[in-house]
Structures are given as C-alpha cells and as structure tokens.
Amino acid sequence: MSEKDNLHNADGNKNINNEAIHSEQTEAETQATTTEDSTSPSVSVEGDTVEISNEITEDPLSESPKIKADTNSGFEPSSETNDDEFVNEIAAANAEDAEDESNAERHHLEEKDYGAMSMEKLVDELSDLLKNRKVQTIKSHVEEIKTEFNAKFSEILDEKKESFLSDDGHEIDFYYSNPLKKQFDSLYKEYRTNLNAYYKTLETNLKNNLANRLRIIEDIKSLINVEENINTTYKHFKDLQEEWRAAGPIPRDKYNNAWNTYHHHVEIFYDFLHLNRDLRDMDFKYNLDQKLKIIDRAEELAKDDNSNRAFRELQVLHKMWKEDLGPVDKEHREAIWDRFSNATKTIHEKRQAYFADIDKSHEANLEKKEAIIAKIEQVAKDNLSTHQAWQNKIKVVEGLRTEFFNAGKVPSKVNEDTWAKFKAAVRIFNKKKNSFYKNLKKDQYTNLQMKLDLIKIAEDNKNSDDFDAVTPLMKKIQNDWKQIGHVPRKDSDKIWKRFKAACNHYFDKINAERNAANKEQTDAFEGKSKLIEDLKDLKLSGNPEQDLETIKQKTDEWNTLGQVPQNKRFIEGKFNKIIDGLFNSLKLDKSEVEMIKFENKLEHLSQPDDTRLLDNEHHFIRKKIDDVKAELNQLENNLQFFSNIDESNPLVKDVLKNIEAHKQNLTMWEEKFKKLKELY
C-alpha cells in the first residue's frame, strides 16, 4: 500500500451526497456526555447552534486530554498515548522527519565502513556528500567521517612529533602541516556553514508554520460555537482540515503535542457531528477502510526479513494513520489499533534482533582488534639491532595497522578505549624504532668523521712524487674507505666526490708520467684506431652464434692491443659504442648480452698496478644496487594502496610491470657486482 492510495482523501476529503448533507435530522440529541471522564465537555444543541458547556482552556500544546474508549471519538484509545517503546521510536522518527521532508533521505544513504578508509578516501567521501546530498541529511555520516579522519591524523601527528623529539628537537618548536588536513578542515567548515544557514532558515519557517497550525486548532475549536447551518459548519471544518494538511512542517518537539491537540478537537467536532449521523458515519466508514488497508500492509511488512526496509515503510504508515486519517466508529477502534500495534511490535522486535546481530559482529570485531593490538605490543618487545631487521618489523606493523583499520566497527562504548590502546601500542613501537635510528645516525656521523680523515690523507698526498711510498698508502685508504659503514645521506655523494677526486689526481699523475715514456701506448692507440675503422665496415652473417664469436674475437683483439695514452682514452668510448651496436643487432637474450658486454668491460678496466677504474666501477654498481632497491621498495609500498583493487586494473598492472622490471634490473646489477668482486 502506498501513501498515495487514496489516503489523501481521508477525513471526509471526498464527494458527499448533497442529499445526505441536507437531510433532516431524525432525532434531536440535546446532550452528549461521557460516562467515564467528568471533565469531558457536554454538548447542548438548539437547532443548528451548538455550545460547549465545559470548554477546554489549557495550553493548545500542553499534554492533550486522554481520549477515553467510550467517547464518540473515532481515535483508538492508545494510539496517541501509548508508551510502548516501539511506538515511541516511530513517533520520534516521524517527528524528526516532519521538520523537513528531505530529512527522510538520510535513511537511504549507504552505510559505509569509514574506519577502513584512508585519509584520502575520507576526504573524497566528505566532498562527495557535500556535492551530492542535502546538508541536513548527512550529519551522522559527516560526524563519523570526522571521527575517523581525526583519529588517523592524530596517529600521524603523534608519530611525526615522536620522530622530531627523538632527533633532539624541542616540543615547543614542533610544527607539522598536512595538505589533506587542510582540505578536510575546509570541507568541514563548508559543511558547518551550510548547515547553520539551513537551520536558520528552517527555524523561521517552523515557527511560522507552528503559529498557523495553532490558529487552525483554535478555528476548529470555535466551529461548535458558531450559529450557522450545520452543513455550512461542516464545510468550514473540511476547509480547515485542508489548511492543516498544507500548513507545512513544525518543530519536532511540538510535533506530537500539536497533532494530539488537533486530533482531540477534531474528536470534539465529531461528537458535535454525532447529531448528523450521515455525515459522521460516512467519514468513519472511509477512515476505517483506509486504516484496514494500512493494517494489511503493516502485517505484510511484519513478514519481511529486511527489518530496516520494513521499519522505514512502517514509519510512513504511522504517519499516514496519524496525519491523513481521522477517527473510526467506537466499536472498531480498539480492534484495529491492536492489529496495527501488534504488526508494529513484530517489526520492532525483528529490527531489535537485527541490531543485536550487529552488536555481536561489533563484539567479534573488538576481539579481532584486541588481538591485533596484542601482536603490535609483542613486536614492540623485540630487541632489534640492524637496519634490515627494523625494516622488516616496520612492514609487519604496517600490515597489522591495515588489518586493524579493516577489522570493522566495534561497540561505540569501547571505541575510544580501543583506539587509545592501538595508538599506545604503535607509539611504543615507534619510540623504540626512533631510538634505534637516532643511535644509528650517531654511528653514521662517526663514520663520516672517519671518511673525512681519509679524505685529508688523500688530499695531502695527491701531489706527491714519491710513488713507491705513496701508492701503497693510497691503495690502503681506498680499501679502508670500503670498510667504513654508511654516512648520512646528505653527505654521502659530496664526500665521495672529494675522495675520488684526490685519488684520481694522484693516479692520473702517475699514469701521465708513465705514458710520456711509453711508446707502446701510442702504438696501441694507432692499432685501435685502425681496428675501429675495420669494425665500421664489419657485416655480420645473421647467425647469432657465429656473430657472437666474431664480436668476441674483435674484443679480444682490442684488448690485446693494450692501453692507450691517458689523453687518448676517448677511443675506448668509440669502440664500446660500436660493439654495443653489434650486440644489439644479435637476436639474443638482453640480459645475456648485457653480461657479455660487462665482462668485456671488466677486462678493459683491470690494470696490473692500478685498481682505481675497478674501484670506481665498484662504487658505481654498489650505489646502483642501493638505488634500485630503494625504488623497488617504494613501488611495493605504493602497491599496498591498491590492496582492494583488482589486478586487472590498468594502474595496478602498470605498477606490477614496473616492479617486475626493477627486480630483473636488480638481478642484473647484483650479478655484475659478483663478477666484479671476483677480480679483487
């Protein structure tokens, strides 16, 4: 049954036979009194004039007089005064919705687990609600989003602050700015501004509508004191009812009393109308028919397994019963109310059972979260002594954090305590982590000083001519440099360049002097120049194995020619470029080709009395491995943000492809590093 099922014609809002309206009254009732309530008004009639001898004088919106079962009211004895929880719940919900028809839209918003969302997603959700929903319907969702966002931001803020203090910072100097926080605060401010503007406008409208409804109640009260034809009075009554229906929403705290007062005085009018049974009985019959339809629909809803959907439609039915329909005959009123009340109670009990199941799931979620907190606390107890061990534990805790946020809602009464326990466990872990890295930084600064000392030795001796004494020293400090651990990242490249420049200067000086007296190097240059010209005209056969052998022969021939003068080493670049082109033309596995090229390169770099070329390559490859590992780690961390997205997603596929490429690249560089170490 829908709200539009002819119920808008209730209370006599239908065509009534004119003959019935103008019929003669067959009996003159001079008094209608109640037998159980001595305060009920008595009605006296003379012709078409009606006077109430015991008029009600209390505040129109004070608690309305209770309607007794044996009054001539068509209203059910318990419908307006029932204290049952399930009726009160519906009455309160309808009172809230009555302030604005749009309020009911809040029931249709999708319930979401905001606790499992990232801060970025929460900002998107808030923005979406503000753009696509009416501000008065989103309060509960906005406040839940705010709670979850602030909780997550608070965790980040605590971690940043702890890290700042662990670096010997002063609490008064701590400052942290987050663009997501600024965006969220801006959206929330927009929400509060829009909501305040809405309520300011609504308040004015509600007050005006309330005043209008009170005026209508007074007009209905006055009808039974008007000296006019009964049919004219009845028409005025119907006009006032139409005004009432169109009067608009009123404050929710006045809703039930206003309607009770209205119904009370409508009953009194029907007591008066008792003198013309045809008019009254036609209304009674119509109202009974419509209320029976409502009951039938309520009983159908009582069988619906979707308790929330049934409850929302039941709200509409109660609203129609209360607002659209008038009284029924005394003999039916209690029976139909009992049927309606029983159906309402069944739906209410199903809904309470549904909420009980939700409570159980929240309790289960609480157990999950407490178990996760216990795991974090256990991890925090571990005493770790290496960077790699801490990195592994950091990943474990990050995984547990994700599990915590995805575990679902917990009972509201323990939500804050559970969150506080979680933050405390993470804070303990972070404190130990920061303490470790603080000490690690101290070690790095010690290493920095040791390397600076080596730089001083290199720079003090780079211009020495005592090659026999200084060369072993320079080789020793190069080896010492490798044995010293990491230094702060900001200093790493800078000090390496200083050390490398000093060492290169010294060995370049040695080589320059040797090359000046070494005619063989000049001959080697001429031989290599000729070989390059021959390679330019080389045509490969197209057979990969045969061509590979040809390239190796040319490479061996190149290496056999020996070293060239220092100022002629550019020829090595030309040769490598040509050889690279030949390798690339082969239909071989790229990694295999790359390793062959690298082995050829190592043969060239290897010098009997000078390891600096190998040292440079050693440093380059080691740094390259560190860089690739860092990039791979970053990509794998980024992939965690797509944990709920299908791998067929183009963006996810691109990230996975990139990860695989980095893994292959890392394998290649590690293999090169292994080959290089074999030469030491």
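User: How many salt bridges does the count come to?

Analyst: A salt bridge is a side-chain nitrogen of Lys or Arg within 4 Å of a carboxyl oxygen of Asp or Glu. By this rule the count comes to 32 salt bridges. The model is predicted, so local features need pLDDT of at least 70 and side-chain atom pairs count only at pLDDT 80 or more, while totals for chains, interfaces and linings use all residues. Residues are numbered from 1 along each chain as its sequence is written, and side-chain values use heavy atoms, with hydrogens and water left out.

User: Which residue forms a salt bridge with Glu203, and where do the two lie?

Analyst: The partner of Glu203 is Lys207, with the closest N and O atoms 3.4 Å apart. Both residues lie in helix H5, four residues apart, about one turn of the helix. Helices here are DSSP runs (H or I, at least four residues), as are strands (E, at least two), numbered from the N terminus. Glu203 is partly exposed, at a relative accessible area of 43%. On this scale, buried means under 20% relative accessible area, exposed over 50%, and partly exposed in between (1.4 Å probe, protein chains only).

User: Which parts of the chain does the salt bridge of Lys238 and Asp283 link?

Analyst: Their side chains meet at 3.1 Å, N to O. This pair links distant parts of the chain, with Lys238 in helix H6 (residues 230–245) and Asp283 in helix H8 (residues 277–301), 45 residues apart. Both Lys238 and Asp283 are buried.

User: Helix H8 also holds Lys285 and Asp289. What separates these two along the helix?

Analyst: Because Lys285 and Asp289 are four residues apart in helix H8, about one helical turn lies between them. Their side chains meet in a salt bridge of 3.2 Å, N to O. Lys285 is exposed, with a relative accessible area of 54%, whereas Asp289 is partly exposed at 31%. Salt bridges can also join into a network, as they do for Lys112, Lys121 and Glu125.

User: How is a pair of aromatic rings described?

Analyst: Such a pair is described by the distance of the centres and the angle of the planes. Rings of Phe, Tyr and Trp (its six-membered ring) pair if their centres lie within 6.5 Å; planes under 30 degrees apart count as stacked, over 60 as edge-to-face and the rest as tilted. A search of the whole structure finds 31 aromatic pairs. One of them, formed by Trp496 and Phe499, is tilted, with 6.3 Å centre to centre and 40° between the planes. Trp496 and Phe499 both lie in helix H14 (residues 489–516), three residues apart, about one turn of the helix. Trp496 is buried, with a relative accessible area of 13%, and Phe499 also counts as buried at 2%.

User: What is the geometry of the pair formed by Phe620 and Trp669?

Analyst: That pair is edge-to-face, with 5.7 Å centre to centre and 70° between the planes. It links distant parts of the chain: Phe620 is in helix H19 (residues 612–639) and Trp669 in helix H20 (residues 650–677), 49 residues apart. Phe620 is partly exposed at 42% relative accessible area, while Trp669 is buried at 10%.

User: Which charged end sits over the ring of Trp669?

Analyst: A charge sits over a ring if NZ of Lys or CZ of Arg is within 6 Å of the ring centre and within 35 degrees of the ring normal. For Trp669 the charged end is that of Lys672, 4.4 Å from the ring centre. Likewise, Lys568 lies over the face of Phe525, at 5.3 Å from the ring centre.

User: Which residues touch the most other members of the largest nonpolar core?

Analyst: A nonpolar core is a set of buried Ala, Val, Leu, Ile, Met, Phe, Trp, Tyr and Cys residues joined through side-chain atoms within 4.5 Å. Of the 24 residues in the largest one, Leu126, Ile138, Val142, Ile145, Phe149, Phe184 and Tyr191 touch the most other members. Helix H3 (119–132), helix H4 (139–166) and helix H5 (179–223) each supply at least two residues of this core, and H5 gives the most, with nine residues. Phe149, Phe184, Tyr188 and Tyr191 form one aromatic cluster.
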